[in-house]
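Let's take a walk through this structure together, one piece at a time.

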Amino acid sequence: MPLSGRHISKSAQAGIIFAVGMLGLGLTSWPATAQQLSGGARIYFEKGGCNQCHGTNGDGVGDDAREHGANFRESALDKETMVMIISCGVPGTNMPYFEKFSYTDDRCYGMTAADAGTDKPQAPITTFLAKRDISAVADYILETFVGQGPVAPGAEKPAQPPPAAH
Ligand code: HEC
């Protein structure tokens, strides 16, 4: 127990523990903190937490190891459909709805919360998104992942930092 010896003051111990803690945080949230993100990338990695399930590489291998999402690299969706899915989620799956008023009326798939019942998607664990944010993150997914083919072998993790957003 070298750190608890009487030669290291309480405040120095606290400092070391703090530094180690920050290092841990830095490592686990590296893609989002390595650089300032803006636009759709910021929604994907920070505000929406999409990478937790869809992964830094958009391949559906979540950055949160307990989660997975759709593989955007194989997605054939157009922007309009993507915006709808991000707004409404996918009933009966883990894909949350990100538009605050979804299921308060029948704007999503013609279903109210009562119609959807237990299939009603979950609310985001991060935050609801404004329409312009939903549009920006759909553009980011289309530009960055869709049609890019499989992640190069060996490059799955650690993930590449996202390109600087415009
Ligand atoms: C808790 C996990 C989770 C989070 C967080 C999450 N998703 Fe998903 N997402 C999923 C799952 C699971 C599916 C696949 C649903 C299905 O089986 O059809 C999916 C499907 C999608 C699809 C449809 C893709 C296709 O080709 O069918 C889009 C688009 C999408 N997600 C966008 C997003 C965006 C954008 C965010 C962040 C704002 C996000 N997701 C956050 C789990 C998640």
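Start with H3 and H7: their axes come within 7 Å and cross at roughly 100°. Angles of 65 to 115 degrees count as roughly perpendicular, so that is the word for how H3 and H7 sit relative to each other. If you wonder why two numbers come up here, packed helices in general are described by the angle between their axes and the distance between the axes.

Who does the touching? On the H3 side you'll find Gly39, Gly40, Ala41, Ile43, Tyr44 and Lys47, and they meet Asp133, Ala136, Val137, Asp139 and Tyr140 of H7. Sorted by class, this contact of H3 with H7 is made of six nonpolar, two polar and three charged residues.

Now step back for the whole picture. Keep in mind that this is a predicted model. The protein chain has seven helices and zero strands, and reading from the N terminus its elements go α-α-α-α-α-α-α. There are 166 residues in the protein chain, and 28% of them count as buried. What share of the contacts with a separation of 6 or more links residues 24 or more positions apart? In this protein chain, the figure is 58%.

H3 covers residues 39–47, and in it Gly40, Ala41, Ile43, Tyr44 and Phe45 are buried. After H3 comes Gly49, with a positive phi near 60°. In H5, the buried residues are Met82, Ile85, Ile86, Ser87 and Cys88. Which helix do the buried residues of H5 pack against? Their partner is H7, residues 131–144.

Now turn to the ligand. It is surrounded by 21 residues, of which Gly48, Cys50, Cys53, Ser75 and Met95 are the closest. Helix H4 (51–54) and helix H5 (79–88) are the elements that give two or more residues to this shell. By class, the shell around the ligand divides into twelve nonpolar residues, eight polar ones and one charged residue.

The loops deserve a visit too. Asp78 sits in the loop between H4 and H5. Is Asp78 buried or exposed? It has 11 C-beta neighbours inside 10 Å, and a residue with 12 or fewer is exposed, so Asp78 counts as exposed. Along the chain, Asp78 and Val146 are 68 residues apart, yet their C-alpha atoms are separated by 9.9 Å.

Further along is the loop between H5 and H6, and Tyr103 lies in it. Tyr103 is not a glycine, but its phi is positive, near 70°. With 22 other C-beta atoms within 10 Å, Tyr103 is buried, because 20 or more is what burial takes. Thr104 is in the loop between H5 and helix H6 (113–116) as well. Thr104 has 11 other C-beta atoms within 10 Å and is therefore exposed. Thr104 and Ala114 are ten residues apart in sequence, and from C-alpha to C-alpha they are 9.2 Å apart in space.

One last stop in this loop is Tyr109, also placed between H5 and H6. Like Tyr103, Tyr109 has a positive phi without being a glycine, and for Tyr109 the value is about 55°. How exposed is Tyr109, and why? Tyr109 has 14 C-beta neighbours inside 10 Å, so it counts as partly exposed.

Key: Residues are numbered from 1 along each chain as its sequence is written. This is a predicted model: local features need pLDDT of at least 70, side-chain atom pairs count only at pLDDT 80 or more; totals for chains, interfaces and linings use all residues. A residue is near a molecule or strand if its C-beta atom, placed from the backbone, lies within 6 Å of it. Helices (H or I, at least four residues) and strands (E, at least two) are DSSP runs, numbered from the N terminus. Ala, Val, Leu, Ile, Met, Phe, Trp, Tyr, Cys and Pro count as nonpolar, Asp, Glu, Lys and Arg as charged, and the others, Gly among them, as polar. Two residues are in contact if their C-beta atoms, placed from the backbone, lie within 7 Å. Axes are lines fitted to C-alpha atoms, for helices over the stretch in contact, and angles run from 0 to 180 degrees between N-to-C directions. Angles under 35 degrees count as roughly parallel, over 145 as roughly antiparallel, 65 to 115 as roughly perpendicular and the rest as oblique.
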